[in-house]
Amino acid sequence: MASCGGTTKGSEEAQGDGGGGTAREADPNAEIKEGLQIAFLPKEIDNPYEVLVDEGGIDAVEELKGEGKEVGPSDASASSQVSYINTLIQQRQDAIVIAANDPNAVAPALKDAMSKGIAVVTYDSDAAPDARQIFVNQADSEEIGRSQVKLMSDQIGGEGKIAILSATPNATNQNTWIKFMKDELTKPEYSKIELVKIAYGDDDDQKSFQEAQGLLQSIPDLKGIISPTTVGISAAARYISSSPYKGKVKLTGLGTPNQMRQFVKDGTVTEFALWNPIELGYLAGYAAASLASGKISGKEGEKFEAGKLGEYEIGKDGEIILGPPTNFNADNIDDFDF
Ligand code: RAM
């Protein structure tokens, strides 16, 4: 009896407790249910970026009179999230919102959650598309990847060796962006730029610091590093700022203005990018609550209200895009506080 035989379509009807409704038709006029339990499962809990994202998510759930919480591993390795998903299923959460450390490692557990009527939303870093109903993406992945190359090229005068300092080797988001960076580099305007190495700091501050040091010491004519991770870029900036490479080797990527401000002011970093992480979590919170209330099902073209962010529409493959990224430099960095 424990399993309720429960993977067939419609079995979640019987639960009647606000489960995700993977098989239900969406009713755009449905009310958001009160008391929804929505859990945010970031890549790792002590990453300052993920903390901001989940603050935004929990705020959204509280606005909707639900109970939001953040749980997660202390490292971003591929399978570190599986046991957390299983616990959330046992707790019969109404929705799980997850930034996947690996698109496939988490897929069986997420499918299990959906089969039990739990709404599954990915944010920041996607899982396999059949293991979630909605992916809340921070910005268009292609735009993020291509614009990183443009930022670097502008800073090194379109010429020279560059390296990438990424997060973990399995991270869906970083790998997607890197794929678009590589494609962008094949354009004629970048023919004098050579990507010589991709290093992985695993979104661990110390490892990222050491990897940055290793890149600079092992490639003497390196002109720049792109680090598309807030952990990587801040660790690399810390290393470069007190090294002989300061001002000589360019560093760009994705960072939070608050972590990067001092390195922009001291001349280590000229320009980098990001979106508003608090808004990303907030949007994911609204998407999860709408899904768990049966207002949306994850189909292309469905629309929902995301509180102070306004109305959003679900795109192809269940993807929702927060908005375009912002570039930060000495002129505007003090206008942002996150
Ligand atoms: C790190 C994480 C996260 C990514 C940001 C830009 O905090 O890898 O997934 O979106 O950087």
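This is a predicted model: local features need pLDDT of at least 70, side-chain atom pairs count only at pLDDT 80 or more; totals for chains, interfaces and linings use all residues.
View 1. Domain 1 is built from two stretches, 37-139 and 277-323, while domain 2 covers 141-274. Look for the contact between them: domain 1 gives 19 residues to it, and domain 2 gives 16 residues.

**View 2. Helices H6 and H7 packed together.** When two helices pack, we describe them by the angle between their axes and the distance between the axes. Here, H6 (residues 205-218) meets H7 (residues 230-241) at an angle of about 55°, and their axes are 8 Å apart. H6 is therefore oblique to H7. Their crossing is right-handed. On the H6 side, the contact is made by Asp205, Gln206, Ser208, Phe209, Ala212, Gln213, Leu216 and Gln217. Facing them from H7 are Val231, Gly232, Ala235, Ala236, Arg238, Tyr239 and Ile240. What kinds of residue make up this contact of H6 with H7? Eight are nonpolar, five are polar and two are charged.

View 3. Find strand S6, which runs over residues 160-166, and you will find Ser166 in it. Is Ser166 buried or exposed? Its relative accessible area is 0%, so Ser166 counts as buried. Which residues is Ser166 in contact with, leaving aside its neighbours within four places in sequence? They are Gln174, Ile178, Ala199, Tyr200, Gly201, Asp202, Pro228 and Thr229.

Technical notes. Residues are numbered from 1 along each chain as its sequence is written. Side-chain values use heavy atoms; hydrogens and water are left out. Helices (H or I, at least four residues) and strands (E, at least two) are DSSP runs, numbered from the N terminus. Buried means under 20% relative accessible area, exposed over 50%, partly exposed in between (1.4 Å probe, protein chains only). Contact means heavy atoms within 4.5 Å. Axes are lines fitted to C-alpha atoms, for helices over the stretch in contact, and angles run from 0 to 180 degrees between N-to-C directions. Angles under 35 degrees count as roughly parallel, over 145 as roughly antiparallel, 65 to 115 as roughly perpendicular and the rest as oblique. A crossing is left-handed if the near helix is turned anticlockwise from the far one by less than a right angle, and right-handed if clockwise. Ala, Val, Leu, Ile, Met, Phe, Trp, Tyr, Cys and Pro count as nonpolar, Asp, Glu, Lys and Arg as charged, and the others, Gly among them, as polar. Domain bounds come from an automatic or database domain assignment.
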